[in-house]
Amino acid sequence: MTEGVQPDLFNGALETGVRSVVILETAYPRCFDLTQLTWLDHLVVHTADLEGPESLHPNVPQRNGELLVRRSLVEQGLTLMQRLHLIEVKFTPQGIVYVAGEQAAPFVRLIRSQYGRTLKERAKWLLAYFADRGSDHLHEVITQKIGRWAIEFQSDTKPASGA
(Lines give C-alpha, C1' and ligand atoms only; values in the text may rest on other atoms or scores of the structure.)
Protein backbone atom coordinates (compact mmCIF):
# COMPACT_ATOMS: atom_id res chain seq x y z
CA MET A 1 0.00 0.00 0.00
CA THR A 2 1.29 3.47 -0.88
CA GLU A 3 2.09 5.67 2.09
CA GLY A 4 -0.68 8.15 2.82
CA VAL A 5 -3.33 6.19 0.89
CA GLN A 6 -6.03 4.77 3.13
CA PRO A 7 -7.94 1.69 1.96
CA ASP A 8 -11.71 1.90 1.77
CA LEU A 9 -12.67 0.27 5.05
CA PHE A 10 -16.08 -0.88 3.84
CA ASN A 11 -15.17 -1.17 0.15
CA GLY A 12 -16.55 1.05 -2.54
CA ALA A 13 -19.58 1.19 -4.77
CA LEU A 14 -18.06 -1.21 -7.30
CA GLU A 15 -17.39 -3.94 -4.72
CA THR A 16 -20.76 -3.61 -3.03
CA GLY A 17 -22.45 -3.47 -6.44
CA VAL A 18 -20.78 -6.70 -7.54
CA ARG A 19 -21.78 -8.38 -4.27
CA SER A 20 -25.37 -7.21 -4.83
CA VAL A 21 -25.37 -8.68 -8.34
CA VAL A 22 -24.08 -12.00 -6.97
CA ILE A 23 -26.72 -12.00 -4.22
CA LEU A 24 -29.54 -11.08 -6.60
CA GLU A 25 -28.46 -13.59 -9.25
CA THR A 26 -28.23 -16.33 -6.63
CA ALA A 27 -31.69 -15.41 -5.32
CA TYR A 28 -33.32 -14.95 -8.74
CA PRO A 29 -36.27 -14.44 -9.24
CA ARG A 30 -36.55 -13.10 -5.70
CA CYS A 31 -36.07 -9.39 -5.21
CA PHE A 32 -34.97 -7.32 -2.22
CA ASP A 33 -35.26 -3.71 -1.13
CA LEU A 34 -32.31 -1.49 -0.22
CA THR A 35 -32.47 -2.31 3.48
CA GLN A 36 -32.54 -6.05 2.87
CA LEU A 37 -29.65 -5.83 0.39
CA THR A 38 -27.64 -3.79 2.89
CA TRP A 39 -28.18 -6.48 5.51
CA LEU A 40 -27.41 -9.28 3.05
CA ASP A 41 -24.26 -7.48 1.91
CA HIS A 42 -23.09 -7.33 5.51
CA LEU A 43 -23.93 -10.96 6.21
CA VAL A 44 -22.48 -12.39 2.98
CA VAL A 45 -19.03 -11.19 4.06
CA HIS A 46 -19.59 -12.11 7.74
CA THR A 47 -21.18 -15.58 7.44
CA ALA A 48 -19.38 -16.79 10.57
CA ASP A 49 -21.69 -14.44 12.52
CA LEU A 50 -24.47 -16.89 11.64
CA GLU A 51 -22.32 -19.86 12.62
CA GLY A 52 -21.85 -20.54 8.93
CA PRO A 53 -18.74 -20.86 6.80
CA GLU A 54 -15.65 -18.76 7.48
CA SER A 55 -16.28 -15.07 6.85
CA LEU A 56 -14.87 -13.47 3.71
CA HIS A 57 -13.85 -10.33 5.59
CA PRO A 58 -12.01 -10.17 8.91
CA ASN A 59 -13.84 -9.59 12.14
CA VAL A 60 -13.11 -6.10 13.38
CA PRO A 61 -14.26 -4.51 16.62
CA GLN A 62 -17.46 -2.46 16.54
CA ARG A 63 -18.65 -3.88 13.22
CA ASN A 64 -22.21 -2.82 14.02
CA GLY A 65 -21.28 0.64 12.70
CA GLU A 66 -20.63 -0.92 9.30
CA LEU A 67 -24.31 -0.96 8.43
CA LEU A 68 -24.53 2.80 8.74
CA VAL A 69 -21.74 3.27 6.19
CA ARG A 70 -22.67 0.25 4.10
CA ARG A 71 -26.21 1.40 3.22
CA SER A 72 -24.97 4.37 1.20
CA LEU A 73 -22.33 2.24 -0.54
CA VAL A 74 -24.86 -0.45 -1.41
CA GLU A 75 -27.18 2.20 -2.82
CA GLN A 76 -24.34 3.63 -4.94
CA GLY A 77 -23.39 0.12 -6.05
CA LEU A 78 -26.97 -0.67 -7.06
CA THR A 79 -27.11 2.51 -9.14
CA LEU A 80 -23.86 1.55 -10.86
CA MET A 81 -25.03 -2.01 -11.55
CA GLN A 82 -28.35 -0.69 -12.88
CA ARG A 83 -26.44 1.51 -15.35
CA LEU A 84 -24.53 -1.59 -16.45
CA HIS A 85 -27.85 -3.45 -16.94
CA LEU A 86 -26.91 -6.10 -14.38
CA ILE A 87 -29.84 -5.37 -12.09
CA GLU A 88 -33.35 -4.04 -12.57
CA VAL A 89 -35.36 -1.76 -10.35
CA LYS A 90 -39.02 -2.57 -9.79
CA PHE A 91 -41.61 -0.28 -8.28
CA THR A 92 -44.09 -2.27 -6.21
CA PRO A 93 -46.89 -1.33 -3.81
CA GLN A 94 -44.45 -2.23 -1.00
CA GLY A 95 -41.73 0.06 -2.39
CA ILE A 96 -38.66 -0.09 -4.60
CA VAL A 97 -37.02 -3.50 -4.99
CA TYR A 98 -34.09 -4.83 -6.98
CA VAL A 99 -33.82 -8.03 -9.03
CA ALA A 100 -31.07 -9.58 -11.14
CA GLY A 101 -31.12 -8.33 -14.71
CA GLU A 102 -30.80 -10.35 -17.89
CA GLN A 103 -27.02 -9.82 -18.02
CA ALA A 104 -26.42 -10.79 -14.38
CA ALA A 105 -26.05 -14.55 -14.93
CA PRO A 106 -23.35 -14.27 -17.65
CA PHE A 107 -21.54 -11.65 -15.56
CA VAL A 108 -21.56 -13.79 -12.41
CA ARG A 109 -20.29 -16.80 -14.39
CA LEU A 110 -17.27 -14.71 -15.43
CA ILE A 111 -16.27 -14.10 -11.81
CA ARG A 112 -13.49 -16.66 -11.35
CA SER A 113 -11.06 -15.24 -8.80
CA GLN A 114 -10.69 -17.09 -5.49
CA TYR A 115 -12.52 -14.29 -3.69
CA GLY A 116 -15.27 -14.31 -6.33
CA ARG A 117 -15.77 -18.07 -6.15
CA THR A 118 -15.90 -17.89 -2.36
CA LEU A 119 -18.35 -14.97 -2.55
CA LYS A 120 -20.66 -17.02 -4.77
CA GLU A 121 -20.47 -19.95 -2.33
CA ARG A 122 -21.25 -17.65 0.61
CA ALA A 123 -24.20 -16.09 -1.25
CA LYS A 124 -25.65 -19.55 -1.92
CA TRP A 125 -25.16 -20.54 1.70
CA LEU A 126 -26.67 -17.28 3.02
CA LEU A 127 -29.76 -17.41 0.83
CA ALA A 128 -30.32 -21.08 1.66
CA TYR A 129 -29.95 -20.20 5.35
CA PHE A 130 -32.79 -17.67 5.11
CA ALA A 131 -34.92 -19.62 2.60
CA ASP A 132 -36.27 -22.03 5.21
CA ARG A 133 -36.70 -19.43 7.92
CA GLY A 134 -39.02 -16.89 6.27
CA SER A 135 -38.50 -13.25 5.39
CA ASP A 136 -38.94 -12.01 8.96
CA HIS A 137 -35.92 -14.02 10.10
CA LEU A 138 -33.51 -11.67 8.28
CA HIS A 139 -34.89 -8.76 10.30
CA GLU A 140 -34.62 -10.79 13.51
CA VAL A 141 -30.99 -11.75 12.82
CA ILE A 142 -29.97 -8.17 12.16
CA THR A 143 -31.79 -7.01 15.28
CA GLN A 144 -30.00 -9.63 17.41
CA LYS A 145 -26.56 -9.44 15.82
CA ILE A 146 -26.24 -5.78 14.99
CA GLY A 147 -28.69 -4.09 17.28
CA ARG A 148 -32.00 -2.33 17.04
CA TRP A 149 -30.37 1.12 16.97
CA ALA A 150 -28.68 0.44 13.64
CA ILE A 151 -31.94 -0.76 12.11
CA GLU A 152 -33.90 2.21 13.38
CA PHE A 153 -31.23 4.58 12.10
CA GLN A 154 -31.50 3.06 8.63
CA SER A 155 -35.26 2.96 8.38
CA ASP A 156 -38.20 3.61 10.64
CA THR A 157 -40.12 0.68 9.21
CA LYS A 158 -39.39 -2.99 8.82
CA PRO A 159 -38.97 -4.08 5.17
CA ALA A 160 -42.04 -5.53 3.52
CA SER A 161 -42.42 -9.29 3.88
CA GLY A 162 -42.37 -11.53 0.85
CA ALA A 163 -39.90 -9.50 -1.18
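In helix 5 (residues 114-131), Trp125 and Tyr129 lie four residues apart and are therefore separated by about one helical turn; helices (H or I, at least four residues) are DSSP runs, numbered from the N terminus. The model is predicted, so that local features require pLDDT of at least 70 and side-chain atom pairs count only at pLDDT 80 or more, while totals for chains, interfaces and linings use all residues. Residues are numbered from 1 along each chain as its sequence is written, and side-chain values use heavy atoms, with hydrogens and water left out.

Trp125 is partly exposed, with a relative accessible area of 26%, whereas Tyr129 is buried at 16% and Phe130 is buried at 7% (buried, under 20%; exposed, over 50%; partly exposed, in between; 1.4 Å probe, protein chains only).

The structure holds two aromatic pairs, defined by ring centres within 6.5 Å (stacked, planes under 30 degrees apart; edge-to-face, over 60; the six-membered ring is used for Trp). Trp125 and Tyr129 are stacked, at 5.2 Å centre to centre and 25 degrees between the planes. Tyr129 and Phe130 are edge-to-face, at 4.9 Å and 90 degrees. Trp125, Tyr129 and Phe130 form one aromatic cluster.

Helix 5 also packs with helix 2 (residues 34-45), at an angle of about 120 degrees and with the axes 9 Å apart; axes are lines fitted to C-alpha atoms over the stretch in contact, and angles run from 0 to 180 degrees between N-to-C directions. The contact (heavy atoms within 4.5 Å) includes Leu40 and Leu43 of helix 2 and Leu119, Arg122 and Phe130 of helix 5.

Note on methods. Helices (H or I, at least four residues) and strands (E, at least two) are DSSP runs, numbered from the N terminus.
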